[in-house]
Amino acid sequence: LGSYKCLLDPNSKAYELYGTREIEERHRHRYEVNNEYRQELIEHGMRLCGVSPDGRIVEMIELPSHPWFVATQAHPEFKSRPNKCHPLFRGFLKAALDQAE
């Protein structure tokens, strides 16, 4: 239910965490990045790091200058388990621990 493919930018934190270019996550598209603002967002430092296979829908964004700013339309909690933490949660926890040190 709600599983969509997403292509990750190989230079992104998301790609580093997932370890692959194509992922599938569960979500619904009730809200989207307005494509009219894509270039302006990029010019102000945002990385549009995950897009739908046809490139029309922004699925994930990052701020590379921030220790941890990764946003997704997906629901990683649906795929995370106590014995197999979702890559985004694992990355968030690592970034938090790094900042605490």
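Which residue forms a salt bridge with R47?

## R47 and E62

In this predicted model, the partner of R47 is E62. The closest N and O atoms of this salt bridge are 3.6 Å apart. R47 lies in strand β3 (residues 47-51), while E62 belongs to strand β4 (residues 58-62), so their contact ties together parts that are 15 residues apart in sequence.

How accessible is each partner? R47 has 25% relative accessibility and counts as partly exposed. E62 is at 2%. Buried means under 20%, so E62 counts as buried.

## K5 and E22

A salt bridge also joins the side chains of K5 and E22, at 3.6 Å from N to O. This pair links distant parts of the chain. K5 sits in strand β1 (residues 3-8).

K5 has 40% relative accessibility and counts as partly exposed. E22 is partly exposed too, with a relative accessible area of 42%.

## R56 and D54

The side chains of R56 and D54 meet in another salt bridge. Here the N to O distance is 3.5 Å. R56 has 56% relative accessibility. Exposed means over 50%, so R56 counts as exposed.

## Whole structure

How many salt bridges does a search of the whole structure find? The search finds four. Among them are R47 with E62, K5 with E22, and R56 with D54. Side chains of opposite charge can pair when their charged atoms come close.

Key. Residues are numbered from 1 along each chain as its sequence is written. This is a predicted model: local features need pLDDT of at least 70, side-chain atom pairs count only at pLDDT 80 or more; totals for chains, interfaces and linings use all residues. Side-chain values use heavy atoms; hydrogens and water are left out. Helices (H or I, at least four residues) and strands (E, at least two) are DSSP runs, numbered from the N terminus. Buried means under 20% relative accessible area, exposed over 50%, partly exposed in between (1.4 Å probe, protein chains only).
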